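Thanks for coming, everyone. Please open the structure on your screens, and we'll walk through it together.

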Amino acid sequence: MARATRGKARAQQQLRALPFKLMLAGSAMLVIPAITRGGGLPVPWKPLAPFGLALLGIGLCGMVLQHYVTRRMNKSSRVTDTTDESITPFTYPSHSQHAEPDRVAHAFESAYRHERSAAAKRTKPTIWSVDVLHDIEWRRFEALVESYFAQIGFATRSQSHGPDDGIDIWLYAPSNNEQAIGIVQCKHWNAKTVGVAHVRELLGVMTAQRISRGQFVSSSGFSEDALAFAQANRIHTIDGARLLELIRQRGEAQQQALLEVALDGEYWKPTCATCGVKMVERTPSKGGRKFWGCAKYPKCRNRLGMRGG
């Protein structure tokens, strides 16, 4: 089979060279008589001149025809290639291009299995306790605080993610939803107390928004200087213990409604502050402590530690 292929290729090569050989032979038949005649030698080659001219013409025509055929074939090949690309524009990536997406997909699949297993073992609380405030994620905490203010008579407005300009919840009078009468800042921290710097930032937002009263709600607590600063600047502080006390002062049905808000969905899994989607549990590729990463990675690279504070 290989020998036949080589023979066919050799024959095609000889055929392509034929016009050039004919032109070369025709040129020789024209040049030799001219040389011998100019040197005073006998002219036995003179009758060959017409044949040389004919061979030269045939060879020239053959080369022109060969060039025309080759050009048409190349043009046809280009058209076919373009048509194929329009039908099948996808090109398969190399193995190295597959490696990173496959690794990330495998990591997310493993994380998903782990989270489903953890969710199956998790028991949802049925009564209010400090553990509820510790177990819920920051977005559930904000939703809980907003629902509490709605229960006590305020009209509220908030957003699930994105820039908030330092305001987690807007408070309005029920009869006037146009003019805000207060703003709320929330911090869902379990171990770290809120310092005076964060309370001072809230005062700056109040001043910019021309709001006279502010509320600062934390699942943990406040430092002494933060409490003193808040009291001096008409900022009401609510720590985790006080929030539980206020919730328990509500009726049984209202307490249950607030508990349902706090424990809605995957309440333990943090929400990406930028994208508004639930984050996934991940492990660093080089080892180390697990962390929460945005489900839209690598488009979004937000991350949170597994233990807040």
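Let's begin with a term. A residue counts as buried when its relative accessible area is under 20%. By that cut-off, buried residues make up 29% of the 309 residues in this chain. Keep in mind that this is a predicted model.

Now the inventory. The chain has nine helices and eight strands.

How many strands form the open sheet, and in what order? Five strands form it, in the order 1-2-3-4-5. The pairing is mixed. At the edges sit strand 1, residues 155-158, and strand 5, residues 235-238. Each of those two pairs on one side only. From one strand to the next, the twist averages 25°.

Let's take the pairs in turn. Strand 2 covers residues 169-173, and strand 3 covers residues 176-187. These two run antiparallel, joined by five bridges. A hairpin connects strand 2 to strand 3 through two residues. Find Tyr 172: its bridge partner in strand 3 is Ala 180. Then find Leu 171, which stands opposite Gly 182 in strand 3.

Move on to strands 3 and 4. Which way do they run? They run parallel, and five bridges join them. One place to look is Val 184, which stands opposite Gln 215 in strand 4. Between these strands, follow the chain through helix 6, residues 196-209. Strand 3, helix 6 and strand 4 make a right-handed β-α-β unit.

Which residues of helix 8 are buried? They are Gly 240, Leu 243, Leu 244, Leu 246 and Ile 247. Why are they on the same side of helix 8? Because they cover an arc of only 160° around the axis. Here is the general rule behind that kind of pattern. An α-helix has 3.6 residues a turn, so residues three or four places apart point the same way.

What covers these buried residues? The cover includes helix 4 (130-135), helix 5 (138-151) and helix 9 (252-262). Strand 4 and strand 5 are part of it too.

The largest nonpolar core has 25 residues. Within it, Trp 128, Leu 144, Val 145 and Leu 243 touch the most other members. Several elements give two or more residues to this core: helix 4, helix 5, strand 2, strand 3, helix 8 and helix 9. Helix 5 gives the most, with five residues.

Zoom in on Leu 243. Leave aside its neighbours within four places in sequence. Leu 243 is then in contact with Leu 133, Phe 141, Leu 144, Val 145, Val 217 and Ile 238.

One last stop: Cys 294. You'll find Cys 294 in strand 7, residues 291-294. Is Cys 294 buried or exposed? Its relative accessible area is 1%, so Cys 294 is buried. Now look across to Pro 270, 24 residues away along the chain. The C-alpha atoms of Cys 294 and Pro 270 are separated by 9.3 Å.

That's the tour. Over to you for questions.

Conventions
Residues are numbered from 1 along each chain as its sequence is written. This is a predicted model: local features need pLDDT of at least 70, side-chain atom pairs count only at pLDDT 80 or more; totals for chains, interfaces and linings use all residues. Side-chain values use heavy atoms; hydrogens and water are left out. Two strands pair if DSSP finds at least two bridges between them. Helices (H or I, at least four residues) and strands (E, at least two) are DSSP runs, numbered from the N terminus. Axes are lines fitted to C-alpha atoms, for helices over the stretch in contact, and angles run from 0 to 180 degrees between N-to-C directions. Buried means under 20% relative accessible area, exposed over 50%, partly exposed in between (1.4 Å probe, protein chains only). The arc is that of the directions from the helix axis to the C-beta atoms. Contact means heavy atoms within 4.5 Å. A crossover is right-handed if, with the strands pointing away from the viewer, the path from the first strand over the helix to the second runs clockwise. A nonpolar core is a set of buried Ala, Val, Leu, Ile, Met, Phe, Trp, Tyr and Cys residues joined through side-chain atoms within 4.5 Å.
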